[in-house]
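Please look over the sequence and the structure before reading on.

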Amino acid sequence: MTTTRPALRGFPGFVLVVRFLTELALLAGLAVAGARLGGGVLLDVVGGVLWPLLAAAIWALVIAPKAPRRSPEPTRFILEFALFGAAAVALAASGLLVAGIVLAVVGVLTAIAVRVFAKDG
């Protein structure tokens, strides 16, 4: 079975690199928010680890290009939107409102750009 992948060249390649960076920012934002909202050292550590793990599991199972049960569009977009929105709300609740807004806006715009320019499947 042959699969085609988008090349990391030109503007589509740039979009895919930005997408990867926004995925990392999503996980980092959830880690920071989880750690800040824990309410104690143990809960800070648990929140800082479990929140990004949960998001990574969702991404790997149904959003990633090689996901075993990849969701169709527009479900995949809605899930991405929900993950970035949840991270934004968590960051805002932890006192990092601007970081939350930036993460949500860049994440959602990147998700749209991937669908328009990079066509990741």
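Which residues in the largest nonpolar core touch the most other members? The model examined here is a predicted one. In this model the residues in question are Leu26, Trp59 and Leu83, in a core that has 15 residues.

## The nonpolar cores

Among the contributors, α3 gives the most, with 5 residues. In soluble globular proteins, nonpolar side chains tend to be buried together.

Leaving out residues up to four places away in sequence, Leu83 touches Leu26, Ala55, Ile58, Trp59 and Ile63. There is also a second, separate core of 5 residues, and Val15, Leu16, Ala113 and Val114 are among them.

## Overall build

How many helices and how many strands does the protein have? The count is 4 helices and 0 strands. Read from the N terminus, the order of elements is therefore simply α-α-α-α.

Along the principal axes, the C-alpha atoms fill a box of roughly 50 × 30 × 25 Å. For 121 residues, a compact globule would have a radius of gyration near 14 Å, and the 15 Å of this protein agrees with that. Of contacts between residues at least 6 apart in sequence, 57% join residues at least 24 apart.

## Surface and charge

Of the 121 residues, 35% count as buried. The accessible surface is about 7300 Å², and carbon and sulfur atoms account for 77% of that surface.

The protein carries 10 positive and 5 negative charges. The mean position of the positive charges and that of the negative charges are 8 Å apart.

## From α3 to α4

Leu96 lies in the loop between α3 and α4. Leu96 and Ala25 are 71 residues apart in sequence, while their C-alpha atoms are 14 Å apart in space.

Leu97 belongs to helix α4. With residues up to four places away in sequence left out, Leu97 touches Leu91 and Ala92. Leu97 and Lys66 are 31 residues apart in sequence, and 33 Å separates them in space, C-alpha to C-alpha.

Val98 also lies in α4, which covers residues 97-118. Why does Val98 count as exposed? Val98 is exposed because its relative accessible area is 61%, and the cut-off for exposed is over 50%. The C-alpha atoms of Val98 and Ala88 are 9.0 Å apart, and the two residues are 10 residues apart along the chain.

## A cis peptide bond

Where in the chain is Pro74 found? Pro74 lies in the loop between α2 and α3. The bond that joins Glu73 and Pro74 is a cis peptide bond, with omega at about 0°.

Conventions
Residues numbered from 1 in each chain as written. Predicted model: local features only at pLDDT ≥ 70, side-chain atom pairs only at ≥ 80, totals over all residues. Heavy atoms only, no water. Core = buried A, V, L, I, M, F, W, Y, C linked by side-chain atoms within 4.5 Å. Buried < 20%, exposed > 50% of the residue type's maximum accessible area, 1.4 Å probe, protein only. Helix = DSSP H or I, 4+ residues; strand = E, 2+ residues; numbered from the N terminus. Contact = heavy atoms within 4.5 Å. Rg over C-alpha atoms; globule rule 2.2 N^0.38 Å. Areas by Shrake-Rupley, 256 points an atom, 1.4 Å probe, with all protein chains shown as cover. Lys, Arg positive; Asp, Glu negative; His and termini not counted. Charge placed at Lys NZ, Arg CZ, Asp CG, Glu CD.
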